[in-house]
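This briefing concerns the fold of a single chain, with attention to one helix, its surroundings and the nonpolar cores. Please consult the sequence and the structure below while reading.

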Amino acid sequence: FLVNSLARLKSPLLFISNLFVISLAVESLVLLQDYIIDPTSFTGISMNRNISSFSILLKLPIVIYRIYFYNDSKIKKIIFNTIQYTSIISVIILQSRLAISLLMFMYFIIILRSRINKKRLIIPFFSIIACLLLLLKSSNSILSSKQFLPSNIYSDTSLLQRLDYVSNAVRLIKEKPFLGNGLGSWKVESLRFSEHGNSDVVIPYYVHNDFLQIFVELGILGVLLYLSFFLFILKLLLRNKNEYDLNIFLFLSLFIFFIN
């Protein structure tokens with residue numbers, strides 16, 4: 001859909017934003033339904049809280065751009081704004097710390113850098129704060145046990161697991177830095193560093209870092225090719241100086257993807 005719209009349509013951004021609106025509507029509705037049915041084990045449409053929250057967050061900047069820079073009918077404005085608010089609520093409900101931080105950062109940058117009337121951004125910005133405060137007081141809050149405090153870093157199991165994966169990835173890169181260990185090899189090769197006979201061993205399907213995983217599997221050539229894709233997009237955005245506001249929103253989507 002995206003490739004064909006860019007190649008064949010006169011207004012591809014209009015089509016893409018509509019596509020993202022539909023996608024966000026589906027993702028938010030699925031999440032809210034899961035949350036109402038069982039507020040303790042919901043994960044969103046991808047069956048993983050982090051992936052679900054970033055799937056929403058990646059598309060949100062383009063939808064926000066559509067809301068504030070297109071002259072749509074009142075009905076469409078209401079629909080798009082509703083999708084914006086349900087997306088904000090969904091990201092906060094999913095309780096991914098990084099996603100919530102980036103959500104706040106995204107609106108801060110939009111307020112600071114874009115030419116949108118600042119008064120129009122007051123409601124979405126304060127809705128983030130309000131939802132976050134309500135969630136922290138809720139009995140179903142995961143965030144209350146995952147505090148943003150430096151003293152908790154060494155007891156954060158999620159962070160420690162990822163650091164362990166990063167350490168193992170670096171060791172594998174050092175073994176075969178040029179050609180790598182082969183596509184799809186991470187989940188097998190990384191088990192060499194696990195304790196054998198331990199029934200609690202989790203098979204590490206992903207490094208949780210695309211650049212490191214590609215480096216492990218395809219070596220330095222593979223990771224440079226992957227990195228060149230992002231550099232190519234940045235080059236296109238920097239060339240497009242006439243679309244200042246659009247560039248901000250595209251940069252935000254790219255930045256969110258890169259951080260994720």
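Helix H9 (residues 210-239) spans only 27 Å between its end C-alpha atoms, whereas a straight helix of 30 residues would span 44 Å at 1.5 Å a residue; the expected span is 1.5 Å times one less than the number of residues. H9 bends by about 135° at Leu-218, the bend being the angle between axes fitted to the seven residues ending there and the seven starting there. The model is predicted: local features need pLDDT of at least 70 and side-chain atom pairs count only at pLDDT 80 or more, while totals for chains, interfaces and linings use all residues. Residues are numbered from 1 along each chain as its sequence is written, and side-chain values use heavy atoms, with hydrogens and water left out.

**Surroundings of H9**

- Buried residues of H9 include Phe-211, Leu-212, Ile-214, Val-216, Gly-219, Phe-230 and Leu-237; buried means under 20% relative accessible area, exposed over 50%, and partly exposed in between (1.4 Å probe, protein chains only).
- These buried residues of H9 pack against helix H7 (157-175), helix H8 (186-189) and helix H10 (244-259).
- A side-chain oxygen of Asn-209 comes to within 3.1 Å of the backbone nitrogen of Phe-211 at the start of H9.
- Lys-176 is located in the loop between H7 and H8 and is partly exposed, with a relative accessible area of 43%.
- Although Lys-176 and Leu-218 are 42 residues apart along the chain, their C-alpha atoms are separated by 9.3 Å.

**Gln-213**

- Gln-213 lies in helix H9 and counts as buried because its relative accessibility is 13%.
- The side chain of Gln-213 reaches the backbone nitrogen of Val-207 at 2.9 Å.
- Apart from neighbours within four places in sequence, Gln-213 is in contact (heavy atoms within 4.5 Å) with Trp-186, Tyr-205, Tyr-206 and Val-207.

**Helix H10**

- H10 has 16 residues and reaches 22 Å from its first C-alpha to its last, close to the 22 Å expected at 1.5 Å a residue.
- Among the buried residues of H10 are Asp-245, Asn-247, Phe-249, Leu-252 and Ile-256.
- The cover over the buried residues of H10 includes H2, H3, H5 and H9.

**Nonpolar cores**

- The largest nonpolar core has 42 residues, of which Leu-57, Ile-64, Leu-103, Met-106, Tyr-107 and Ile-110 touch the most other members; a nonpolar core is a set of buried Ala, Val, Leu, Ile, Met, Phe, Trp, Tyr and Cys residues joined through side-chain atoms within 4.5 Å.
- Two or more residues of this core come from each of helix H2 (12-37), helix H3 (49-69), helix H4 (74-94), helix H5 (97-113), helix H6 (122-137) and H10.
- H3 gives the largest share of this core, 10 residues.
- Leaving aside neighbours within four places in sequence, Ile-110 is in contact with Ile-64, Ile-116, Leu-121, Phe-249 and Leu-252.
- A second, separate core of eight residues includes Ala-169, Leu-172, Val-207 and Val-216.
- In soluble globular proteins, nonpolar side chains tend to be buried together.

**The chain as a whole**

- The chain holds 10 helices and zero strands; helices (H or I, at least four residues) and strands (E, at least two) are DSSP runs, numbered from the N terminus.
- Of the 260 residues of the chain, 37% count as buried.
- Among contacts in the chain with a separation of 6 or more, 64% are between residues 24 or more positions apart.

Definitions and conventions:
A polar contact is a pair of N or O atoms within 3.5 Å; within protein, one must be able to donate a hydrogen and the other to accept it, and residues adjacent in sequence count only if both atoms are side-chain atoms.
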